[in-house]
Number of protein chains: 2
Amino acid sequence: MSWEDNVRKVVPYTPGEQPKIKNIIKLNTNENPYPPAPGVVEALKNMDVSDYRKYPDPSCTKLVDAIASFYSVDPEKVFVGVGSDDVLAMAFLTFFNSDKNILFPDITYSFYDVWADLYRIPYTQVPLKEDFTIDPEDYYVENGGVVIANPNAPTGVALPLSAIEEIVRKNSDVIVIVDEAYVDFGGESALPLIDKYDNLLVVQTFSKSRSMAGMRIGYAFGCKKLIKYLYDVKFSFNSYTMNMPSIELGAAAIADKDYFDKTRSMVIATRERAKKELKDLGFEFGDSMTNFIFAKHPDKHGKDIFDYLRQNGIIVRRFDLPRISEYLRISIGTDEEMDELIRVLRKFLKE
Amino acid sequence: MSWEDNVRKVVPYTPGEQPKIKNIIKLNTNENPYPPAPGVVEALKNMDVSDYRKYPDPSCTKLVDAIASFYSVDPEKVFVGVGSDDVLAMAFLTFFNSDKNILFPDITYSFYDVWADLYRIPYTQVPLKEDFTIDPEDYYVENGGVVIANPNAPTGVALPLSAIEEIVRKNSDVIVIVDEAYVDFGGESALPLIDKYDNLLVVQTFSKSRSMAGMRIGYAFGCKKLIKYLYDVKFSFNSYTMNMPSIELGAAAIADKDYFDKTRSMVIATRERAKKELKDLGFEFGDSMTNFIFAKHPDKHGKDIFDYLRQNGIIVRRFDLPRISEYLRISIGTDEEMDELIRVLRKFLKE
């Protein structure tokens with residue numbers, strides 16, 4: 001008998017590469033090409049390092065209030081966590097304690113099944129339609145909960161709010177989580193529905209539209225009762241997860257609406273231009289409402305395109321998984337980065 | 001049927017109060033009275049906010065290397081997490097998958113049973129002896145793993161390294177976690193044993209002796225194989241938990257050995273002086289090797305002392321639990337803060 005017999009056996013996740021090489025064009029982890037709001041620089045300067053000796057405010061009041069203020073919601077309807085991964089995992093743990101299977105698409109964010117396994121939650125992966133869209137009717141069946149990324153990842157395709165509302169309405173006896181990591185780039189948020197449906201949790205993040213992936217801040221909206229349940233579970237086993245910089249700098253990052261609107265408009269404009277150019281090169285993709293495009297080419301293998309780009313200093317993301325192994329997920333960078341991408345792809349397609 | 005039927009029901013933990021009142025003397029959460037090392041101010045100034053748009057290095061290389069360098073160990077023997085709570089919870093999840101009960105003291109850090117419940121790990125809470133010391137022989141029985149806080153909390157009492165080694169040696173078929181949150185204030189670390197015993201995990205934190213509770217950094221040492229298992233589990237469900245400031249500022253905080261030695265010596269000196277004065281007032285306590293003293297008074301109820309201190313602007317910690325409800329856990333503050341504590345206690349005892 002060895003202690004190794006009792007070790008939890010897992011398949012380690014490989015996150016998108018964070019290369020240490022200089023001058024690489026990094027279009028593989030859906031990071032925002034623009035820096036955080038200028039107010040973050042000021043907030044950083046104003047931090048008093050001597051405060052760090054103390055524990056942070058476990059309620060993260062300053063950050064919660066800033067989020068609540070931006071979205072004009074009651075602070076008691078806001079939950080925060082260490083990235084939306086932490087928020088989503090906490091929601092799985094808190095709300096999915098039924099014997100019935102929870103439902104989410106077969107092609108979606110790769111951690112849903114991981115957290116379900118972790119917390120021993122039974123689940124069904126519902127196939128997307130051939131065109132990678134979600135059929136809302138697939139979710140009108142008995143279940144233990146529903147998780148929908150909207151827009152979906154890595155497909156980039158969004159459901160209209162009316163379809164989300166119908167899924168929430170038809171599942172009033174379970175919690176429906178809508179993961180809106182990418183919603184600020186063109187989707188319709190379900191946030192206005194939280195006062196109408198007490199079974200709806202809307203999850204967002206600072207990692208994409210707020211340019212703060214490095215700070216690890218996610219948040220969720222729901223009715224007061226639902227948010228309280230989340231905090232009760234969170235506080236029951238780890239009180240202090242958000243550190244002082246994430247609370248202070250997060251509050252500064254979300255306060256600047258003009259900068260937020262300006263940078264997300266820039267990302268959207270670059271994406272629409274990239275769509276046009278990729279289409280001209282023969283690429284096929286759904287109508288992305290995110291800061292990435294999930295595309296394949298009818299004449300070339302995804303792996304070959306991926307390798308060629310890599311050799312030419314451009315990193316994109318490819319998932320070696322059923323149904324999507326021919327696709328590349330290309331993050332929207334600056335206009336200059338996308339120009340270089342198109343130039344290299346054009347060269348590849350001519351060879 | 002309502003979604004509330006499927007909500008995880010918990011007893012929320014109430015962390016030590018973080019009062020927003022000014023001029024209060026806060027001796028309730030074992031924070032260091034001194035600020036982090038001066039290098040942290042410099043590191044903060046040098047942070048480039050525009051980097052925050054990117055995900056942090058999931059391997060936390062800079063922080064891991066700084067810890068490895070300070071302790072002269074191989075970086076592959078170092079794990080880091082969001083405070084030692086995160087590190088310990090990850091270790092429970094990774095290593096305690098036996099059907100046999102894990103063992104830890106009945107009076108110890110209050111999250112051990114919480115994480116065991118969370119991950120459905122069976123456990124036995126082994127009673128401390130009457131004098132609140134651990135009897136190593138209690139741990140020489142068949143079990144699924146062992147967790148010992150050394151020095152123990154909230155008692156403050158330490159086991160000699162020889163006793164720890166014997167527990168590790170007699171339990172070679174399971175993982176023994178030694179939680180050394182307070183070890184820098186007078187305990188003997190088990191770190192030198194990790195090369196001799198592959199079943200030993202030593203957990204430490206930046207929250208106490210490094211004056212960085214606000215930054216949420218914990219770490220662990222073990223043999224390479226053991227550390228790899230921990231990372232595999234961690235990466236399998238959340239790749240990015242340590243944000244950029246914790247990596248950068250943590251590395252700066254641990255680099256300054258002189259400052260570390262100076263401030264911990266100051267805390268130890270203040271503690272020894274406080275022990276003498278508390279003893280003179282009739283208080284009873286074990287020989288604390290931590291930055292707190294766990295004391296009771298033969299003539300007064302713990303609750304009455306607690307309330308009187310609170311009314312006089314001093315907050316300490318009291319646990320309303322079996323065997324320890326008459327005790328107060330008093331963190332070691334500055335000399336001035338401890339003088340005021342003694343003054344108020346003296347007044348109370350005269351009344």
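This is a predicted model: local features need pLDDT of at least 70, side-chain atom pairs count only at pLDDT 80 or more; totals for chains, interfaces and linings use all residues.

Now to the contact itself. Chain B gives 83 residues to it, and chain A gives 83 residues. Of the interface residues of chain B, 100% are also interface residues in chain A, so the copies meet through the same surface. Together the two chains bury about 7,100 Å², with 60% of that on carbon and sulfur atoms. On the chain B side, B:Trp3, B:Arg53 and B:Tyr55 lose the most area to chain A, together 13% of what that side buries.

What holds polar partners across this boundary? There are 35 residue pairs in polar contact between chain B and chain A, counting pairs with both at pLDDT 80 or more. Several helices of chain B give two or more residues to the side that touches chain A: H1 (39-46), H3 (83-95), H4 (112-118), H6 (224-237) and H7 (244-254). The largest share, eight residues, comes from H6(B). Sorted by kind, the residues on this side of chain B are 45 nonpolar, 22 polar and 16 charged.

Side chains of opposite charge can pair when their charged atoms come close. Across the interface, two salt bridges are found. In a salt bridge between A:Lys225 and B:Glu4, the closest N and O atoms are 2.7 Å apart.

Let us move on to pairs inside a single chain. Over all chains, the count of salt bridges comes to 46. One of them joins the side chains of A:Glu277 and A:Arg273, at 3.2 Å from N to O. These two are four residues apart in helix H8 (residues 257-280) of chain A, and therefore separated by about one helical turn. A:Glu277 is partly exposed at 21% relative accessibility, and A:Arg273 is partly exposed with a relative accessible area of 32%.

A:Arg273 also meets A:Asp339 in a salt bridge, at 3.0 Å from N to O. Because A:Asp339 lies in helix H10 (residues 335-350) and A:Arg273 in helix H8 of chain A, this pair ties together parts that are 66 residues apart in sequence. A:Asp339 counts as partly exposed, at 37% relative accessibility.

In chain B, the side chains of B:Glu272 and B:Lys275 form a salt bridge of 2.9 Å, N to O. Both lie in helix H8 (residues 257-280) of chain B, three residues apart, about one turn of the helix. B:Glu272 is partly exposed at 35% relative accessibility, whereas B:Lys275 is buried at 7%.

One last stop is A:Thr290, in the loop between strand S9 (284-285) and strand S10 (292-296) of chain A. A:Thr290 is buried, with a relative accessible area of 0%. Among the residues that A:Thr290 touches are A:Pro151, A:Tyr182 and A:Arg271. Its side chain makes a polar contact with the side chain of A:Ser288 at 2.9 Å, and a polar atom of the A:Thr290 side chain lies 3.0 Å from the backbone oxygen of A:Phe292.

Technical notes: Residues are numbered from 1 along each chain as its sequence is written. Chains are lettered from A and ligands numbered from 1 in the order in which they are written. Side-chain values use heavy atoms; hydrogens and water are left out. Contact means heavy atoms within 4.5 Å. Buried area is the accessible area (1.4 Å probe) that two parts lose on being put together, summed over both. A salt bridge is a side-chain nitrogen of Lys or Arg within 4 Å of a carboxyl oxygen of Asp or Glu. A polar contact is a pair of N or O atoms within 3.5 Å; within protein, one must be able to donate a hydrogen and the other to accept it, and residues adjacent in sequence count only if both atoms are side-chain atoms. Ala, Val, Leu, Ile, Met, Phe, Trp, Tyr, Cys and Pro count as nonpolar, Asp, Glu, Lys and Arg as charged, and the others, Gly among them, as polar. Buried means under 20% relative accessible area, exposed over 50%, partly exposed in between (1.4 Å probe, protein chains only). Lists of a residue's contacts leave out its neighbours within four places in sequence.
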